[in-house]
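Subject: Structure for your review

Dear colleague,

Please find below the sequence and structure that I am handing over to you. My findings follow directly after it.

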Amino acid sequence: MNPEIDISNVILKTERLLIRPWRQSDLDDFYSYASVDGVGQMAGWKPHESKEESKIILDMFISHKKTFALEYQGKVIGSVGIEKYNETHFPEFKNKKCREIGYVLSKEYWGQGLMPEALKEVIRFLFENANLDVIFCGHFLWNEQSHRVQEKSGFKHYAFDTYETAFGTTEENEVNILKREDWVLQQIPAVRPAKGV
């Protein structure tokens, strides 16, 4: 099942990032990365063609209270959304508290480990504060970068599915999951053998 989650008063911090609700003052930063070719397509939407388009989506982010802005050095460079997973496709989870996360990062900041850093903290919040049992996360089969991000974040393959994009295409999608009990085990530091053993 998809429990309600409201992130409107949630602020998370990592070594390099402030993870917080969106503000109207983020519009320029949002348009700056969402209008770049190759960014939105990774998540199934076309680059924004105008600041007005970005403003409509920014208003949705604020009113729906389920999408974090990722702030780096005073600038918003991406987002992490806590979406509803597809209960129809995965009825076996009806007695578990589940949500799906999706994310986008400015092309300028790819390859710096910022998204795994953000996801690690959002995942902690979802298990510790929102009391989820399972987190879903998916990526298009051709999106190797996103596959690596999910692997680094502890997600494991669960199923293959299809995804209807915002621009009317259907993509083959890998669905990964992270269960609370597996996440808890990942938090336990590996025990190193004592010297001389």
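The largest cavity is lined by Asp-29, Ser-32, Tyr-33, Lys-75, Val-76, Ile-77, Ser-106, Glu-108 and Tyr-109. Please bear in mind that this is a predicted model. Two elements, α1 and β4, each give two or more residues to the lining of this cavity. By class, the lining of the largest cavity holds four nonpolar, two polar and three charged residues. The space inside the largest cavity is about 30 Å³, and the count of cavities of 30 Å³ or more comes to one. As background, empty space is found by rolling a probe the size of a water molecule over the atoms.

Strand β1 pairs with β2 (residues 17–21) in the antiparallel sense over two bridges, and Lys-13 stands opposite Leu-18 in β2.

I turn next to the two helices α1 and α2. Two packed helices are described by the angle between their axes and the distance between those axes. For α1 (residues 27–34) and α2 (residues 51–64), the axes come within 9 Å and cross at roughly 115 degrees. This crossing of α1 and α2 is right-handed. On the α1 side, Leu-27, Asp-28, Phe-30 and Tyr-31 make the contact, and they meet Lys-51, Ser-54, Lys-55, Ile-57, Leu-58 and Phe-61 in α2. The contact of α1 with α2 comprises six nonpolar, one polar and three charged residues.

Finally, which residues lie nearest the centre of the second largest pocket? They are Pro-116, Lys-120, Glu-121, Trp-183 and Gln-187, out of 14 lining residues. Both α3 (114–128) and α5 (180–186) give two or more residues to this lining, and α3 provides the largest share, six residues. The lining of the second largest pocket divides into three nonpolar, five polar and six charged residues, and the pocket holds about 270 Å³ of space.

Yours sincerely

Technical notes
Residues are numbered from 1 along each chain as its sequence is written. This is a predicted model: local features need pLDDT of at least 70, side-chain atom pairs count only at pLDDT 80 or more; totals for chains, interfaces and linings use all residues. Side-chain values use heavy atoms; hydrogens and water are left out. On a 1 Å grid over the protein atoms alone, a cavity is a set of points where a 1.4 Å probe fits but cannot get out, and a pocket is an open set with protein on both sides within 12 Å along at least five of seven lines; lining residues have an atom within 4 Å of a point. Grid points are joined across faces, edges and corners, and a volume is the space filled by probe spheres set on the points. Helices (H or I, at least four residues) and strands (E, at least two) are DSSP runs, numbered from the N terminus. Ala, Val, Leu, Ile, Met, Phe, Trp, Tyr, Cys and Pro count as nonpolar, Asp, Glu, Lys and Arg as charged, and the others, Gly among them, as polar. Axes are lines fitted to C-alpha atoms, for helices over the stretch in contact, and angles run from 0 to 180 degrees between N-to-C directions. A crossing is left-handed if the near helix is turned anticlockwise from the far one by less than a right angle, and right-handed if clockwise. Contact means heavy atoms within 4.5 Å. Two strands pair if DSSP finds at least two bridges between them.
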